[in-house]
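Trainee: I'd like a close look at one part of this model, please. Could you take me through it slowly, with the cut-offs as you go?

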Amino acid sequence: MPNSVGLHPGEQYSPVTGLIYVFNLIVGTGCLTLPAAFAAAGWGLSAGGILLLALVSYMTTTWVVESMACANAINHWRRMKQLKKRGQVADELVNRTLENAEADLRSTDTSEDQDDHEEESPLITEGVIERTVGEYYAIQEQIEMGQMAELFYPKVWDKVFYVVLCIYLYGDLAIYVAAVAKSLRDSICNYVPENCTMELMDADPCFRDSDLTRLDLYRICTAAFIGVMGPFVFFNLTKTKYMQMITTLTRWLAMGIMIAWAIVLLAEEKGDGHPPPADVTKLPQLFGVCVYSFMCHHSLPALITPVNEKRSIIKLLGADYLLILMFYYLLAFTGVFAFVRLNDLYTLNFQPDRCKTSDTSLIVYALQVFLLMFPVFTLSTNFPIIAITLRNNLKGLCLRESRRYSFFTTRCLFPLLAIIPPTLVGLVTTDVEILVGITGAYAGSFIQYVVPATLVYYARKMTLRHIGMGVKNPFSAPLQHSAWIVIICVWAALCQVFVTIYLVEQYKGK
């Protein structure tokens with residue numbers, strides 16, 4: 001496959017490597033809130049709910065891949081059209097020059113015959129045309145979802161996409177801020193109530209004989225985290241290969257330890273969890289967490305385009321989703337049956353036991369501290385990247401390329417707009433699970449369901465109009481009927497209504 005308009009061979013990687021990247025992207029912060037959501041909604045309802053959401057997420061993922069192929073096809077068609085137009089203009093100039101130079105040597109009839117011959121001759125040889133048409137849908141160019149929105153959507157709707165994407169990134173950053181600050185707070189505070197098994201509240205002291213509450217220290221940790229990581233947003237920062245490797249190894253080490261720990265508790269019959277089979281009232285909460293846990297659609301172009309062999313990418317993505325679903329089942333089910341109470345951030349269930357600090361071995365204590373600090377390690381490396389992505393999207397939404405702006409506007413204003421709102425949210429609430437639920441249920445469901453459905457609808461219409469049915473898209477999604485697009489959009493709307501009702505009831509309960 002030629003790479004004249006795509007990536008260089010050195011920038012490509014194998015399908016297995018690409019699917020590992022997709023796996024690592026999906027299995028992120030969201031999975032740490034799954035056990036608590038499973039325990040609340042019930043193990044039976046949660047098992048069926050996450051299976052359904054995994055299937056729907058995979059369906060919309062295939063639509064994104066099909067839209068990427070359509071976007072490449074449209075760009076390819078436009079280049080061919082421009083090439084043909086330039087070729088025709090060049091032919092006309094050459095013909096006019098020849099007519100003037102050879103007016104005395106050739107008759108008018110001969111000139112007209114030559115003009116007809118020049119006009120009827122193909123611009124590109126037959127072999128080149130055949131090869132080019134066969135690669136119309138080859139995914140060679142990295143076309144981001146925002147670019148696809150500008151290409152396929154009617155005017156104004158591409159701006160709506162950017163707004164929703166920015167809202168989602170704001171929610172992502174707020175989750176990062178709350179998770180890191182909460183982990184830091186619990187690793188620093190050492191107050192133990194007389195009844196050491198009693199659940200600690202935000203209003204409880206952080207230290208013995210101190211007026212500083214746990215909420216106060218949480219807010220101090222929030223401010224400190226932003227003070228350290230915030231300045232990076234004012235510059236251009238990219239992940240290095242080694243940073244990705246360290247983050248990935250840390251994530252998998254922590255996940256493996258948590259799963260093994262819970263399995264050991266269950267094997268030794270020390271599991272105290274007794275979740276109900278189903279609690280329908282907690283279904284909206286489960287929905288938001290699961291949507292966030294399967295989110296990868298906005299980053300698919302960057303992960304799929306460099307894959308050097310994409311013929312079976314749809315099937316391989318299906319295998320990836322199945323593996324992720326099995327991993328989520330393993331993580332959540334071992335957690336809900338091993339622990340009687342699950343924190344909104346699963347790593348907090350493995351913090352040092354306040355009642356048995358003297359009986360804990362050094363190795364166990366070290367593992368507990370590592371798990372407690374795990375969100376700090378991983379999320380701190382991702383925070384500047386997400387914030388810079390948000391900053392750039394805000395610029396694309398608000399600024400015009402044809403206009404010059406002041407230094408403050410381009411270098412200071414938008415980094416501040418990216419940092420301040422999630423910081424304020426982090427200062428107000430410590431509830432990571434509710435942040436994940438809201439982010440996943442509203443902006444997340446829009447990006448994961450509505451955007452892929454509408455993108456593939458408009459992409460199919462445009463490619464049919466310009467390219468026709470003669471060239472088949474090898475990356476077509478399994479579900480081609482337009483009814484599925486309507487079903488997904490209705491599903492997303494109903495789920496957002498249910499989540500809104502749930503949040504209103506939660507607010508009234510407080």
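In which helix is isoleucine 420 found? And what surrounds that part of the chain?

Mentor: Happy to. This is a predicted model, in which local features need pLDDT of at least 70 and side-chain atom pairs count only at pLDDT 80 or more, while totals for chains, interfaces and linings use all residues. Residues are numbered from 1 along each chain as its sequence is written, and side-chain values use heavy atoms, with hydrogens and water left out.

Isoleucine 420 is found in helix H14. The helix names come from DSSP runs numbered from the N terminus, where a helix is H or I over at least four residues and a strand is E over at least two. The chain has 16 helices and zero strands. Isoleucine 420 is partly exposed at 43% relative accessibility; buried means under 20% relative accessible area, exposed over 50% and partly exposed in between, using a 1.4 Å probe and protein chains only. Its C-alpha lies 10.0 Å from that of alanine 174, a residue 246 positions away in sequence.

Now for the partner of H14. Helix H8 (residues 214-229) and H14 (residues 407-428) have axes that come within 9 Å and cross at roughly 165 degrees, which makes H8 roughly antiparallel to H14. Here an axis is a line fitted to C-alpha atoms, for helices over the stretch in contact, and angles between N-to-C directions run from 0 to 180 degrees. Under 35 degrees counts as roughly parallel, over 145 as roughly antiparallel, 65 to 115 as roughly perpendicular, and the rest as oblique. H8 passes H14 in a right-handed crossing; that term applies if the near helix is turned clockwise from the far one by less than a right angle, and left-handed if anticlockwise.

On the H8 side, the contact is made by Tyr218, Arg219, Thr222 and Ile226, and on the H14 side by Ile419, Thr423, Gly426, Leu427 and Val428. Contact means heavy atoms within 4.5 Å. By class, this contact of H8 with H14 has five nonpolar, three polar and one charged residues. Ala, Val, Leu, Ile, Met, Phe, Trp, Tyr, Cys and Pro count as nonpolar, Asp, Glu, Lys and Arg as charged, and the others, Gly among them, as polar.

Threonine 423 is worth a stop. This residue of H14 counts as buried at 12% relative accessibility. Leaving aside neighbours within four places in sequence, threonine 423 is in contact with Thr222 and Ile226.

Let's follow H8 itself. Its 16 residues should span 22 Å at 1.5 Å a residue, and its end C-alpha atoms are 22 Å apart, which agrees; the expected span is 1.5 Å times one less than the number of residues. Buried in H8 are Arg214, Leu217, Tyr218, Cys221, Thr222, Phe225, Ile226 and Met229. An α-helix has 3.6 residues a turn, so residues three or four places apart point the same way. The buried residues of H8 pack against H7, helix H13 (362-398) and H14.

That brings in H7 (residues 157-188), which has 32 residues and reaches 47 Å between its first and last C-alpha, close to the 46 Å expected. H7 is mostly covered, with 23 of its 32 residues buried. H7 and H8 pack with their axes 8 Å apart, at an angle of about 125 degrees, and are therefore oblique to each other. H7 passes H8 in a right-handed crossing. From H7, Val177, Ala178, Val180, Ala181, Lys182, Leu184, Arg185, Asp186 and Ile188 meet Arg214, Leu217, Tyr218, Cys221, Thr222, Phe225 and Ile226 of H8. Sorted by class, the contact of H7 with H8 has eleven nonpolar, one polar and four charged residues.

In the loop between H7 and H8 you will find aspartate 209. Its phi is positive, about 55 degrees, although it is not a glycine. Aspartate 209 is exposed, with a relative accessible area of 83%.

Of the contacts with a separation of 6 or more, 87% come from residues 24 or more positions apart.
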